[in-house]
Amino acid sequence: MRKNIAAILFLIGLVVYGTYDYLKESPSDAIQMSELEANEVGIRKGQRAPDFTLADLQGNPVKLSDYKGKRVMLNFWATWCPPCQVEMPHMQKFYEDYRHQDIVVLGVNMTAIENHQEDVQKFVNKGQFTFPILFDTKGDVMQAYQVTAYPTTYLLDSSGVIKDKFVGAMSYETMKKYAMEMK
């Protein structure tokens with residue numbers, strides 16, 4: 001019973017934080033950004049997303065900048081995270097429906113905070129997830145993107161500029177809405 005209450009309080013906290021984080025940047029912030037700021041690397045809307053290289057499930061290096069020219073949904077998640085577990089099937093459906101429209105889904109597993117790296121492969125196999133899953137084994141990328149709540153998703157345009165950030169689980173409809181806005 002205590003675990004259920006703790007989980008519910010945790011989820012409520014994530015929703016409240018996600019709403020606060022989303023609303024604290026007004027739409028006029030993006031309008032006021034100069035083109036010079038768009039060339040700055042950072043994690044705010046209008047800045048270029050920090051580049052990184054992580055290994056995929058097969059051990060191959062994957063570099064974010066290799067996807068320049070495509071819109072990227074960069075999702076930070078963990079196997080033990082209940083909202084992540086709910087979101088992943090939506091992410092898979094979105095990937096299947098939009099992968100031919102120059103939209104890439106990159107699932108960055110926060111491996112540094114997993115119990116065992118093998119849990120990730122089991123989770124992916126069980127869910128039959130086919131979009132690229134990357135291992136952040138040291139937590140460097142999670143730290144660079146200041147991920148403090150799970151899941152967190154950054155939406156990047158085809159130039160690698162951050163268009164939006166979403167904290168908390170996204171539904172398929174929400175993903176679709178943001179994908180259309182990322183153009």
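Predicted model: local features only at pLDDT ≥ 70, side-chain atom pairs only at ≥ 80, totals over all residues.

Trainee: Let us begin with β6. Is strand β6 enclosed or open, and why?
Mentor: Strand β6 covers residues 152–156, and five of its five residues are buried, so the strand is largely enclosed by the rest of the structure.

Trainee: Which residues of β6 point which way?
Mentor: T152, Y154 and L156 point one way, while T153 and L155 point the other way. Residues on both sides are buried. In a regular strand, side chains alternate between the two faces of the sheet.

Trainee: Which strand pairs with β6 over five bridges?
Mentor: One partner is strand β3, residues 71–77, which pairs with β6 in the antiparallel sense over five bridges. Within that pairing, F76 has T152 of β6 as its bridge partner. Strand β7, residues 162–167, also pairs with β6 in the antiparallel sense, over five bridges. There, L155 stands opposite D164 of β7.

Trainee: And what lies between β6 and β7?
Mentor: The two strands form a hairpin with five residues between them, and G160 takes a positive phi near 85 degrees in this hairpin.

Trainee: Changing topic: how many aromatic pairs are there?
Mentor: The structure holds 12 aromatic pairs. One of them is formed by F52 and Y145, an edge-to-face pair with 6.2 Å centre to centre and 85 degrees between the planes. This pair links distant parts of the chain, 93 residues apart: F52 is in the loop between α3 and β1, and Y145 is in the loop between α6 and β6.

Trainee: Are F52 and Y145 buried or exposed?
Mentor: F52 is buried, with a relative accessible area of 8%. Y145 is buried as well, with a value of 1%.

Trainee: How does F76 pair with Y145?
Mentor: F76 and Y145 form a tilted pair, 5.4 Å centre to centre with 45 degrees between the planes. F76 lies in strand β3 and Y145 in the loop between α6 and β6, so the pair ties together parts that are 69 residues apart in sequence. F76 is buried, with a relative accessible area of 0%.

Trainee: Which rings are linked into a cluster?
Mentor: Ring pairs link W77, Y95, F123, F129 and F131 into a cluster.

Trainee: Finally, which charged residues sit over a ring?
Mentor: Among them is K93, whose charged end sits over the ring of Y172, 4.7 Å from its centre. K177 lies over the face of Y178, at 4.9 Å from the ring centre.

Note on methods:
Residues numbered from 1 in each chain as written. Heavy atoms only, no water. Buried < 20%, exposed > 50% of the residue type's maximum accessible area, 1.4 Å probe, protein only. Helix = DSSP H or I, 4+ residues; strand = E, 2+ residues; numbered from the N terminus. Pairing = 2+ DSSP bridges. Phe/Tyr/Trp six-rings, centres within 6.5 Å; stacked < 30°, edge-to-face > 60°. Lys NZ or Arg CZ within 6 Å of the ring centre and 35° of its normal.
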